[in-house]
Amino acid sequence: MSMALGAEMVYAAFFPEGMIPAALAHSEESFALPGKNANLVVLNDRPINAETPPHLLDDKLTPGDLFFVRNNGIPPEQKDIDPTTWTLEIGGESARTKKVYTLAELKQRFTPYTYQLTLECGGNGRKEFNPPAKGNQWSTGAVGCAAFTGVRLRDVLNDAGVQSDAVYIGYYGKDSHLSGDPAKQAISRGVPIEKAMQDESLIAWNMNGQPLPYLNGYPLRLVFGGWPASTSGKWLSKIVIRNQVHDGAKMKAPSYRVPCNPVAPGTKVADEDMCIIESMPVKSLITYPKSGATIRLDQELPIRGHAWAGERKVQQVAYSVDFGASWQNCVLEAPANRLAWQHFRAKIKFPKKGYYEVWAKATDEVGISQPMLLPGWNPKGYLNNACHRIAIKVV
Ligand SMILES: Nc1nc2c(c(=O)[nH]1)N[C@H]1C(S)=C(S)[C@@H](COP(=O)(O)O)O[C@H]1N2
Ligand SMILES: [Mo]
């Protein structure tokens, strides 16, 4: 708590759990989280959750200080993190041997790789669902794409030995459960062994050439581009190779699951009818200009942004200035590598003065597009990939 406030909260013991300190909730002034830009929007302080406004995601690669933060528990204290003594254990019933590596050994023994990888929280866009879904009310900013450097998870798993009955991996991190109970995990999720074995699945220590920001998992994290970012374990200390779907904290229904078959808004769904979210759906974000911009009629408006589609490539991004009645193609760049977001841009000439909205719609390589309105309602408010829109005034 003191971390976010910049001073010790003297009567912290009496402060109601879950309440946002007035300094953060009501002040015009912004309070920066450690290592973070003061313009991130703090949604919650315990645990810390903060999102990036769309116009601050304009960089091709999201800078560390602007990368969103989604915590389920309390991070290890910054002063207690020592990269020189940090270890990663590989175990689990489908590991041939149990192994422990120091961070230095990981760096020395395995080949490092760098990939640009898109991380998006499964609950990004939750705010729009109706009936509302409980949880962080993310608008559009629980997403970022950075260049992560680390070793391939596959190389490390193979070094320990993967038995033929392996189906899943699970992670454990050094953060603690909100209750303070050391026997409980804040979160312990994972991915099927096939995803773990992909070239781009990394155990990473660097983001954009710098050590990971503290709140993004310093000194070590998993990165699974294109999948719900909840699979990308931070403050990584242990990986288990499992002979069953990992059953750690927040793997069980309804966490990070959606109805296996679509349901009407507001429907109660039984746990056994909820399926684990895997690849994220196609989506895009307009990062320039900022919504509300004004332009003169004789000028052309440059727009730009990014598009991503989970495991897939984005094939096309189009924009509309007439509420979807007609669409024009944007220029779309190829991804730097698989699972990286792709940049788009266009120049728009408006026909007359007035209020407009610019809508952007991405289509993935199998022809699936973003919906213009909310996609399938689900009890936990995941996977909202509706089109992003910005307001423009032409004078
Ligand atoms: N150890 C640990 N790893 C974690 C989490 C967490 O709370 N603890 N949150 C997960 C969730 S839900 C998301 S969306 C991503 C967010 O990554 P970021 O905070 O670096 O943006 O981290 C994932 N990894
Ligand atoms: Mo998340």
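These legends describe close-up views of a predicted model. Local features need pLDDT of at least 70 and side-chain atom pairs count only at pLDDT 80 or more, while totals for chains, interfaces and linings use all residues. Residues are numbered from 1 along each chain as its sequence is written, and side-chain values use heavy atoms, with hydrogens and water left out.

**View 1. The residues around ligand 1.**

**View 2. Polar atoms at ligand 1.** In the side chain of D175, an N or O atom is 2.6 Å from a nitrogen atom of ligand 1. An oxygen atom of ligand 1 lies 2.9 Å from a backbone N or O atom of R70, and a polar side-chain atom of R221 lies 2.6 Å from an oxygen atom of ligand 1. Of the 530 Å² of accessible area (Shrake-Rupley method, 1.4 Å probe) that ligand 1 has on its own, the protein covers 100%.

**View 3. Two domains.** An automatic or database assignment divides the protein chain into domain 1 (2–30 + 280–394) and domain 2 (73–276). Their centres, taken over C-alpha atoms, are 25 Å apart.

Key. Chains are lettered from A and ligands numbered from 1 in the order in which they are written. A polar contact is a pair of N or O atoms within 3.5 Å; within protein, one must be able to donate a hydrogen and the other to accept it, and residues adjacent in sequence count only if both atoms are side-chain atoms.
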